[in-house]
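I opened the model today and kept notes as I went. The entries follow in the order I looked things up.

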Amino acid sequence: PSQDIVLGCYYLTQERPGAKGEGRAFSSTNEVLIAYQSGEVETLTRIVLRYSGRLIDLTTLPPKDRENVARAPEQTVTNYRLITTVGRVIFNDHLPADIPFLNGLLKKKGLQSLVHYCYLRHGNDRTVELVDALKDLGFTYATRAGISIGVDDMVVPPEKAVVVDKARADQIDVEQQYLDGVITNGERYNKVIAIWSDATERVSEAMFREMNRIERERREFNPILMMADSGARGSKQQMRQ
């Protein structure tokens, strides 16, 4: 799975604080789907589901392990109080019956690991069904999400001007040291590279902080950040550039 498919599945398994119906409890996946179809809850609403059956709960794992579905522990539960989202219920409802309920945010590596999991345990036929389901889900919800890119989505942090001005001043100091004979040309070159590398890193960190702050305040996702974070397209290094 790649690009639109990844973006759609990423959006579908996301969670948005304050979404309509947040915190409501349901006794079955059918109840969740009925509430969704009647407009009582939204796609990204956080809910409580009483679940019985096979479960892989990625949300309980350390952050570095949350995309490795193939190696995640599987458990069988009865009347388990599962904190999930409406979108994750929809996602699992479309998967082949042999796949356990998968609870967590799925990015590109997570989807690849899910396909790997299915292939190892269920073979070619089930894997074809799974990939077909992911394709349909991904394209459908990438469309429904209405994700597009505008110039204002590329956030410029307020600290940028200060960081750049300081880097310029530091570079002038280094050039003066070279002219005074204090350092060699090689040392001058290395120092200038280090100054601007540090400045780039600081501006990058400030940009991601600002994007996340705006997301929290507006309660809406930044499409460029979504594309990079999900692995659908581009990377944080390109955003920084």
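Where does R188 lie? I found R188 in helix α6, residues 185-218. Helices here are DSSP runs of H or I with at least four residues, strands are runs of E with at least two, and both are numbered from the N terminus.

Ground rules next. I am working with a predicted model, where local features need pLDDT of at least 70, side-chain atom pairs count only at pLDDT 80 or more, and totals for chains, interfaces and linings use all residues. Residues are numbered from 1 along each chain as its sequence is written, and side-chain values use heavy atoms, with hydrogens and water left out.

**Entry: R188.** I checked whether this arginine is covered. R188 is buried, at a relative accessible area of 18%. Buried means under 20%, exposed means over 50%, and partly exposed is in between, with a 1.4 Å probe and protein chains only. I then listed its contacts (heavy atoms within 4.5 Å). Leaving aside neighbours within four places in sequence, R188 touches V174, E175, Y178 and I183.

**Entry: whole chain.** I counted eight helices and four strands. Their order from the N terminus is α-β-α-β-β-α-β-α-α-α-α-α. The radius of gyration, taken over C-alpha atoms, is 23 Å, while a compact globule of 241 residues would have one near 18 Å. That globule rule is 2.2 Å times the number of residues to the power 0.38. The C-alpha box along the principal axes is roughly 75 × 40 × 30 Å. Buried residues make up 41% of the 241. Of the contacts with a separation of 6 or more, 67% join residues 24 or more positions apart.

**Entry: aromatic pairs.** I looked for rings of Phe, Tyr and Trp (its six-membered ring) with centres within 6.5 Å; planes under 30 degrees apart count as stacked, over 60 as edge-to-face and the rest as tilted. How many aromatic pairs does this rule give? The count is one. Y51 and F101 form a tilted pair, 5.1 Å centre to centre with 50° between the planes. Y51 lies in strand β2 (residues 46-57) and F101 in strand β4 (residues 101-103), so the pair ties together parts 50 residues apart in sequence. Both Y51 and F101 are buried.

**Entry: backbone.** I noted a positive phi of about 50° at Q3, which is not a glycine. Q3 sits in the segment before α1 (4-12) and is partly exposed at 37% relative accessibility. N79 is not a glycine either, and has a positive phi of about 50°. N79 lies in strand β3, residues 75-85, and is partly exposed at 49%.
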